[in-house]
Amino acid sequence: MELTDLRLKRLAPWLWEIEETAGMLVPGRVFADEAMMSTLAQDQSLLQVANVAHLKGIVKYSLAMPDIHWGYGFPIGGVAATDPREGGVISPGGVGYDINCGVRLAATDIHFHDVAHRLKDMVTALYQTIPCGVGSSGAVKKLSRRELDEVLAGGAHALVARGMATEHDLACTEENGRLPAADPDRVSDRAKDRGADQLGTLGSGNHFVELQVVDQVFDPDVARRLGLDIGILALFIHSGSRGLGYQVCEDFLQTMDVALRKYNIPVPDRQLACAPVDSPEGRGYLGAMSAAANFAWANRQAMMHLAEGALLRSLGVSPRELNFRLVYDVCHNVAKLETHDVDGQIRELCVHRKGATRCLPPGHPLVPPLYRDIGQPVLIPGDMGRYSFVCVGSDKALDLTFGSSCHGAGRLKSRHQATRDSRGRNIVRELAERGVTVMARGYKTLAEEMPEAYKDVASVVDVMHEAGVSRKVVRLRPVGCIKG
Amino acid sequence: MRLMETATPARYRLLAHTADMGVFVKAPDLDGLLASAAQAVTELLVEPGAVQDRRELALELEAAGTSELLVRWLSEVLFLFETRHFLGRRFQVRTAGGSRLSAQIGGEELDWERHRFRCEVKAVTRHKLRVESTARGWRAFFIVDL
């Protein structure tokens, strides 16, 4: 199938359908405005939405969020639900290498204007405390096999005994920071070797720790409930399961490659290799992937703990004055068994989200009691020069997207192009002139990640707001950033 | 079987991919192709030139076919970096039957003072993966997840 074979139909100002053609089992649906669609025609991401529609057991649609961009196998921003009872498959390519890459947002009681003069101290302290960049390791003493297995089984829960997590943190983390399907025995020794000294490390690429300030409030009541009043200093962390997760994905891509032949499953791209959820290979991947997801939750939890120490030291305030607290933690690369109402029938589906955020409306039982009447917080980071958003799940999320929303701005320029465009410029100084203090390990990362390399996240968030999937609550602007 | 040391500079080109990076490699034979591909991946991690040939590691691999052998080999290079912080400068590769490989890698451990690093490579993907023998030698294309 070629890009020119796709037939597109506009269903709403923010929704497009890729009609079902040969080999597709369901139509594709893309959430995007007109300008976004015109840029999508320039790469292969729409073709990837169509390719995902070939997956056995897929239900209703192959979906794409408005931050869709070209990935491998699945597009980034892709969502697909399969029904295990109808031979539905699970695909490591539908999750990606960085299993449970995600974001968490912590708020403080500090108003930024009171500490703006300490900004450089805060950024330096974060940079010195949280290992970042290529080969980063050593934030937490290298874990023994037994300790690592506890993290793989327990996720963020495993850090409570270490004094690095609280019951509040667990309550405010998607799935309470632990997928019960995790099976540490399904994680290879190679994966464990890669992860053993990476707990509490940021990594590189688009991962970051960012100090932000609430600068616009769209819904004052909900903002207050989230502790995000205007001017409040907050901290975003974006990272995942590090080398452990990458290895789990690689291990099971090999397993699934063999499974394709064993179960006679045709796929249009090898990176969509998969197996029935209800098969030894499918169950094996679900167990290992869930364990890697748990590692990622523990990783972000450990970094949040390290960040709290860095802020306390650099600001010279007490824990009570800082009141550093988790607002929420969401994952955006995962496959989970979830219960959904499909045309009036309650079915257990395997929902793949690759670059998409779970998004549940008010009243849903999986929204923590603290937020149940306002909906699940949806955290959508933008680029390091403009802004990020906090939204909450809305009523149409379950009907339209299997409870999913966008996860970020989405790249506009390739890394190559961004690097080319940055020649002769000093990105650190440019950001400083915009009020953002940046420290990065890799000089190349800064060029690749400069603000104009990304779409304007506001337009991405607006599409899901207009669609009634996730509703805007506050906007935050970055003031300090550390990157790998 | 022959012993092949990669030519310097490696014969590869980086190609833009929206979020990641494509790598096109060519060489007179499969051994050289794999050596150059390893050099390309290493030079995505750190600035070339500063890595020194201080000690040698040896490894052997087997895979189902040449394209899978390329992915396994490059995954091994990434694995050595992540678990032992080992960077290669000299890649000597010897293949047999297109599915087995033995290699000696001369290099050193990451030195934060001397090695100016670029970006973490998460994995070598199989998306649009191609390894082929042509009348003008061997060539490969692969996309790395950054």
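Predicted model: local features only at pLDDT ≥ 70, side-chain atom pairs only at ≥ 80, totals over all residues.
Visitor: Happy to begin with chain B; in what order do its elements run?
Guide: Helices (H or I, at least four residues) and strands (E, at least two) are DSSP runs, numbered from the N terminus. Chain B has two helices and nine strands. From the N terminus on, their order is β-β-β-α-β-α-β-β-β-β-β.

Visitor: What is the radius of gyration of chain B?
Guide: This value is taken over C-alpha atoms, and the globule rule is 2.2 Å times the number of residues to the power 0.38. For 146 residues the rule gives 15 Å, and chain B comes close to that, so it is as compact as a globular protein of that length. The radius of gyration of chain B is 14 Å.

Visitor: How many residues of helix α1 of chain B are buried?
Guide: A residue is buried if 20 or more other C-beta atoms lie within 10 Å of its own, exposed if 12 or fewer, and partly exposed in between, with C-beta atoms placed from the backbone. Helix α1(B) covers residues 30-45 and is mostly covered. The buried count is 15 of its 16 residues.

Visitor: Which residues have the most contacts inside the largest nonpolar core?
Guide: A nonpolar core is a set of buried Ala, Val, Leu, Ile, Met, Phe, Trp, Tyr and Cys residues joined through C-beta atoms within 7 Å. The largest one has 212 residues, and helix α10 of chain A gives the most to it, with 18 residues. Those with the most contacts inside the core are Ala292(A) and Ala37(B).

Visitor: Which residues does Ala37(B) touch?
Guide: Two residues are in contact if their C-beta atoms, placed from the backbone, lie within 7 Å. Leaving out residues up to four places away in sequence, Ala37(B) touches Val23(B), Val25(B), Leu70(B), Leu74(B) and Ala140(B).

Visitor: How far does α10(A) reach from its first C-alpha to its last?
Guide: The expected span of a helix is 1.5 Å times one less than its number of residues. α10(A) has 36 residues, of which 29 are buried, and Gly316(A), with a positive phi near 65°, follows the helix. Its reach is close to the expected value, at 52 Å.

Visitor: Where chain A touches chain B, which element of chain A gives the largest share?
Guide: The contact takes 36 residues from chain A and 27 residues from chain B. Among the elements of chain A giving two or more residues are β4 (58-72) and α13 (415-421). The largest share, five residues, comes from α9(A).

Visitor: Is Arg242(A) buried or exposed?
Guide: Arg242(A) is found in helix α9 of chain A, and its phi is near 55°, a positive value in a residue other than glycine. Because Arg242(A) has 30 C-beta neighbours inside 10 Å, this residue counts as buried.

Visitor: And how does Lys60(A) count, with 17 C-beta neighbours inside 10 Å?
Guide: Lys60(A) lies in strand β4 of chain A and has a positive phi of about 65° although it is not a glycine. With that number of neighbours, Lys60(A) counts as partly exposed.

Note on methods. Residues numbered from 1 in each chain as written. Chains lettered and ligands numbered in written order.
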